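Subject: Structure handover

Hello,

I am passing on the structure below, followed by notes on what was found in it. Please read the notes with the structure open.

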Amino acid sequence: MFEYREWKHVFKLDPNKEITPEMLEAICESGTDAVIVGGSDGVTLENTIDLLSRIRKYTVPCVLEVSNTESITPGFDYYFVPSVLNSTNPDWIVGLHHEAIKEYGELINWNELVAEGYCIVNKESKAAQISEADTNLDNEDILAYARMSEHMFRLPIFYLEYSGTYGDVEIVKDISTVLDKTHFFYGGGIKDDTQAREMAQFADTIVVGNVIYEDLNAAIRTVRVVKG
Ligand code: 1GP
């Protein structure tokens, strides 16, 4: 049931970005462990359903990373729900979640829902700006969020989000030493196989996003180095 714990490599596709059928086929047939559908802005019910139905031609597991309630639709294998632990606005930690559960709580299949403790560290990223994240963090601050995820809230996933920029491998290494039961996702700025290999040494799962749209072949190569 919690097969995501076995994933080493995932691609993240943004429903708000164009992708040709050929590119999508290359991604879905690449040998990656899963495809996450998610983005920071412009995610609608329409573009989410469109991307889901196109991905469903392939056997790769498919996850919706929920960024707003309007675009939630049945048919995904999992629903990853981020809670931005370093947000300064409670809406992004529990507020929007509370509203959604108040309205749809009866309908939610809790077995498909996986909470992610997000720590967004790239100040320039859209994700940081939208969620009003406090990115003025040193390594001890980040480690405290990782420990909080595992020991205090017992979250299934801790996600270190560098979205758009390549992160600091030392902090990724340190996080890996404090997480045991909580699964560790790293995402941000992976553009080639060397970077994929470097982060995959320490993160349980690496997430590859933007480079798909910039250099598809480089994106595909990140699968091979991680999956062998
Ligand atoms: C974004 O963590 C993912 O949510 C991946 O980041 O787009 O920078 O690869 P990139």
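Aspartate 33 sits in the loop between α1 (21-28) and β2 (34-37); helices (H or I, at least four residues) and strands (E, at least two) are DSSP runs, numbered from the N terminus. The model is a predicted one, in which local features need pLDDT of at least 70, side-chain atom pairs count only at pLDDT 80 or more, and totals for chains, interfaces and linings use all residues. Residues are numbered from 1 along each chain as its sequence is written, and side-chain values use heavy atoms, with hydrogens and water left out.

Is aspartate 33 buried or exposed? Aspartate 33 counts as buried because its relative accessibility is 13% (buried means under 20% relative accessible area, exposed over 50%, partly exposed in between, with a 1.4 Å probe and protein chains only). Its side chain makes a polar contact of 2.6 Å with the side chain of lysine 227. A polar contact is a pair of N or O atoms within 3.5 Å; within protein, one must be able to donate a hydrogen and the other to accept it, and residues adjacent in sequence count only if both atoms are side-chain atoms. Setting aside neighbours within four places in sequence, aspartate 33 is in contact (heavy atoms within 4.5 Å) with Glu6, Trp7, Lys8, His9, Val60, Pro61 and Lys227.

Next, the ligand. The residues around the ligand (a heavy atom within 4 Å) are Lys12, Tyr159, Glu161, Ser163, Gly164, Gly187, Gly188, Gly189, Val207, Gly209 and Asn210. This shell consists of 2 nonpolar, 7 polar and 2 charged residues; Ala, Val, Leu, Ile, Met, Phe, Trp, Tyr, Cys and Pro count as nonpolar, Asp, Glu, Lys and Arg as charged, and the others, Gly among them, as polar. Backbone N or O atoms lie 2.8 Å from a ligand oxygen atom in glycine 189, 2.9 Å in glycine 209 and 2.8 Å in asparagine 210. Of the 300 Å² of accessible area that the ligand has on its own, the protein covers 92% (Shrake-Rupley method, 1.4 Å probe; for residues, only the protein chains shown count as cover).

Finally, the protein as a whole. It has 9 helices and 8 strands, and its C-alpha trace spans about 45 × 40 × 35 Å along the principal axes. Buried residues make up 50% of the 228 residues. Among contacts with a separation of 6 or more, 69% are between residues 24 or more positions apart. The accessible surface comes to about 11,100 Å², 49% of it belonging to carbon and sulfur atoms.

Regards
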